[in-house]
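Here are some notes for a colleague meeting this structure. Please keep the 3D view open while reading.

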Amino acid sequence: MSYLRFEKALMTNLEASLPKELLRTNRSGAYSCSTIVDCNTRKYHGLLVVPVPELDDENHVLLSSLDVTVIQHGAEFNLGLHKYQGNNYSPKGHKYIREFDCDKIPTTVYRVGGVILKKEIVFQAYEDRLLIRYTLVDGHSATTLRFRPFLAFRSVRQFTHENGTASREYHDVDNGIKTCMYAGYPDLYMQFSKKNEFIFQPDWYRGVEYPKEQERGYASNEDLYVPGYFEMSIKKGETIVFAASTSEIKTSSLKKLFDEEVGLRPPRDNFFHCLVNAAHQFHLHTKNDERYLLAGYPWFKCRARDTFIALPGLTLSIEEQDYFELVMKSAEKELRAFMAGKPQGKIYEMDKPDVPLWAIWAVQQYFKEAGKEKGMKMYGKLVQDIVDYILADKHPNMTVEKNGLVYSDGRDVAITWMNSTANGRPVVPRTGFIVEFNALWYNALRFAAAISTDMGDEKRAAKLEKRAELTKASFLDTFLNEYGYLYDYVNGPIVDWSVRPNMIFAVALDYSPLNKEQKKSVLDICTRELLTPKGLRSLSPKSGGYNPIYVGPQTQRDYAYHQGTAWPWLGGFYMEACLKLYKRTRLSFLERQMVGYEDEMSYHAVGTISELFDGNPPFHGRGATSFAMNVGEILRTLELLEKYQYQF
């Protein structure tokens, strides 16, 4: 029985199948994404979506979709599916789907009368090239296939509409054509493994509609350009491979290339393997051989905080220590450039005050996996340099106050992970002494002190321990309240009483300023008021402003983004805190908690985890299709659960 398999009844029911999205990526940031019935529902969807650095820093949809028509005895059966204005779907090719399976690669089986056609898709790992293999499994009469490409040539954040500027010019290439709609874009090569006939029949398909954009309060329709169609015969048992790319390929190699790419794909036959596959989708390999992590798909870039939080889970937890080192090499270079006052590079938001503290946390996890000796050799100096940088008050928005706590100004600009803004202002203006910043700062001081001890620098170790003790005392005086939980932030006389998940870090980190009873109290409140099957809520239902449903226009969603929605990555720290406090006695509880994440493998973004979830039942997945911090923390939690299972 396949792990990710969907039967005819679900595939032909658009209400059930359209919410299920499928993502395929390569290592350059390009991707292919649509629903499992190949009906695009977002402006970010497309068969071939690639970065075009010559234009901007966005991805661009070149090939939106490819409609396939089966022709037999003069009768035509179009297997495509598009949504048009007025809730009209055409040509309703989903009704011919018999099954869909993506354990290895996405595979759709269509049945039209006596014709059984199988379609399989891979994205070439290190080239911007999508490959689709069509196999005529059965067909008792002469069969012809017609392929009609729908072109967009636009940024993922825009739409295209019928216009007189778009070039209709095309050129023949090996078993296909190349074309380019606008200056500045790369050529799109569309080629087949078999000789075919291209019929030039240019037209615009008007009013294609994207319901996900409608839901989000955006413009939602566009026109797509179809230059014509390819046509060729196919015999029973024969395979034809289609390639869409920004570079030409020798078509005689397509079948072999497809097999090779399939061989590189790990199976997605269980929960863990799905997460490993998803982890690899965030890898970004630049032309100058630097490695990064994308924060998510389809619209996120490389972000500093996301990189350091997701990195241990996406690499160390799946025994890919070498990739941790490659990403950290690029990230350390950019972090050091920022600390030197010369920000540079590809990683966004390096200026956020907690970023260097999360970098230390990521290194801490490396120490556990690689060992103390290698950890100090690789990153011991980085940890000490970060701590010295903060102690010297060199960060533009983080100072160490006399009480030992770090202070940051977040009144006018969002500086924490709760970064939504509305009308140019932070929705959650967390400022002053921020609880997770200071929990991370205490953890960093103690970790740096331990490294100093191991290096034989007892004087520095003692100095750092003294600072840590001051920070600990002030942390308790500042954040711990009589109700047993922690204030979210404190800024002079302003105290935020909201019950938020940021206090969980003070329990989960290796070095905590809280004693055992205080940890239990914080954890109990998180359990009662914040825990959901999809992680921790960003705000308790008992707190003012609770807004758990992430739907509607942009402003409405901005006000809900961190006001009650649930985040799986926070659940990772919650479960780590449970294990540290209660050891094996909480294993069965946490294993049941993981079921909520495994359900997502076939529910929203197939084989991966969405960005966030509604804070109330039924906890719908929202936002981005796939989110690195969520995947990383779930993988790290699985590793922690396994370690605790074998203790004692």
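1. Start with the buried residues of helix H13: Gln518, Val522, Leu523, Ile525, Cys526 and Glu529. Seen down the helix axis, they fall within an arc of 160°, so they line one face of H13. The model is a predicted one.

2. The face away from its buried side carries two exposed residues, Glu517 and Arg528.

3. Next, the cysteines. How many disulfides does the structure hold? It holds zero. Cys578 is in no disulfide: the nearest cysteine sulfur belongs to Cys526 and is 9.2 Å away. A disulfide needs the two sulfur atoms within 2.5 Å. Cys526 is also one of the buried residues of H13. Cys578 is buried as well, with a relative accessible area of 0%.

4. Cys274 is likewise in no disulfide. Its nearest cysteine sulfur, that of Cys102, is 7.5 Å away. Cys274 is buried, and its relative accessible area is 0%.

5. Last, the largest pocket. Its space comes to about 920 Å³. The lining has 37 residues, and those nearest the centre are Ser28, Gly29, Pro51, Pro53 and Lys287. Strands E20 (283-285) and E22 (296-297) each supply at least two residues of this lining. By class, the lining has 14 nonpolar, 12 polar and 11 charged residues.

How values were computed
Residues numbered from 1 in each chain as written. Predicted model: local features only at pLDDT ≥ 70, side-chain atom pairs only at ≥ 80, totals over all residues. Heavy atoms only, no water. 1 Å grid on protein atoms, 1.4 Å probe; cavity = no way out; pocket = protein on both sides within 12 Å on 5 of 7 lines; lining within 4 Å. Points joined across faces, edges and corners; volume = space filled by probe spheres on them. Helix = DSSP H or I, 4+ residues; strand = E, 2+ residues; numbered from the N terminus. Nonpolar A, V, L, I, M, F, W, Y, C, P; charged D, E, K, R; others polar. Buried < 20%, exposed > 50% of the residue type's maximum accessible area, 1.4 Å probe, protein only. Arc of directions from axis to C-beta.
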